[in-house]
Amino acid sequence: MSFIFRDAAPEDLPTILAMNGQAGVSVAAMDRDMLDCHFANAAYFRVAECDGGLAGFLIGFDHEAGTGNAGYLWMRERQPAFAYIDRIVVAPAFRGHGLGRVLYADIISFAEVRVPVLACQVSLEPHDNASLMFHASMGFKEVAQLAVPEGRIGVMERTLCSFPFVRDTYLAGGGHLPDLPWLAARELPDAEIPTRRVGCG
């Protein structure tokens, strides 16, 4: 079983919406308008493809993405620069193969050359022990607990230890990352959006 990892394309969106709807209570509901907004605004939106079909996806935002869920808003009040995992979904047929870990490794690689912290939220009530253990094993730690309409969440973050070197070596004084394909930012579908993005709720 081999996977191709790439940025999401417009033709992927119907499948992504269906996958999100089938993911269960651990993944927040999303309608097509919200998905379109995420596609237009997300700093990171990648899919895993296997044999021509989608096996999973991960959506991540940066600190300039406008409004977001409770964990994102908590981070915006406290961190001037960060990346935030909005959601990850792995299709049932592809679970148990480490695909979630690979997608997380990919967004960590994306984030650690741009920001000092990567964050997300995990359900505490109802308790999602599998997600808590997964995030702990990926180097995340809980920094807050918040009451939300659905129950209670934990805000988790991972310090990106490569960022100080990248900042001091490449970004200080208005510098830029090297012009390498694997360091390139995601191309947003609307050229006007970088100046900047609307929130998706």
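Predicted model: local features only at pLDDT ≥ 70, side-chain atom pairs only at ≥ 80, totals over all residues.

Trainee: Okay, helix α5 to start. Which of its residues are buried?

Mentor: α5 covers residues 129-137, and its buried residues are Ser-131, Leu-132 and His-135. Seen down the helix axis, those buried residues fall within an arc of 100°, so they line one face of α5.

Trainee: Why would residues a few places apart point the same way?

Mentor: That's because an α-helix has 3.6 residues a turn, so residues three or four places apart point the same way.

Trainee: And which residues are exposed on the other side of α5?

Mentor: Over there you'll find Ala-130 and Met-133, which are exposed.

Trainee: What do the buried residues of α5 pack against?

Mentor: They pack against α4 (99-111), β5 (117-125) and β7 (151-159). After α5 comes Gly-139, and its phi is positive, near 90°.

Trainee: Switching topic: how much space lies in the largest pocket?

Mentor: About 1300 Å³. The pocket is lined by 46 residues, and the ones nearest its centre are Ser-26, Val-27, Ile-88, Asp-128 and Ser-131.

Trainee: What's the lining like by class?

Mentor: It has 23 nonpolar, 15 polar and 8 charged residues.

Trainee: Now the rings. How many aromatic pairs are there?

Mentor: The structure holds 10. In one of them, the rings of Tyr-104 and Phe-134 have centres 4.9 Å apart and planes at 85°, so that pair is edge-to-face. It links distant parts of the chain, with Tyr-104 in helix α4 and Phe-134 in helix α5, 30 residues apart.

Trainee: Is Tyr-104 buried or exposed?

Mentor: Tyr-104 is buried, at 2% relative accessibility. Phe-165 and Tyr-170 form another edge-to-face pair, 6.5 Å centre to centre with 80° between the planes. In that pair, Phe-165 is exposed at 54% relative accessibility, while Tyr-170 is partly exposed at 35%.

Trainee: Which residues form an aromatic cluster?

Mentor: Phe-3, Phe-5 and Phe-94 form one.

Trainee: Last one: where does Glu-125 sit, and what does it touch?

Mentor: Glu-125 is in strand β5, and it is partly exposed, with a relative accessible area of 47%. Leaving out residues up to four places away in sequence, Glu-125 touches Glu-150, Gly-151 and Arg-152.

Terms used: Residues numbered from 1 in each chain as written. Heavy atoms only, no water. Buried < 20%, exposed > 50% of the residue type's maximum accessible area, 1.4 Å probe, protein only. Helix = DSSP H or I, 4+ residues; strand = E, 2+ residues; numbered from the N terminus. Arc of directions from axis to C-beta. Contact = heavy atoms within 4.5 Å. 1 Å grid on protein atoms, 1.4 Å probe; cavity = no way out; pocket = protein on both sides within 12 Å on 5 of 7 lines; lining within 4 Å. Points joined across faces, edges and corners; volume = space filled by probe spheres on them. Nonpolar A, V, L, I, M, F, W, Y, C, P; charged D, E, K, R; others polar. Phe/Tyr/Trp six-rings, centres within 6.5 Å; stacked < 30°, edge-to-face > 60°.
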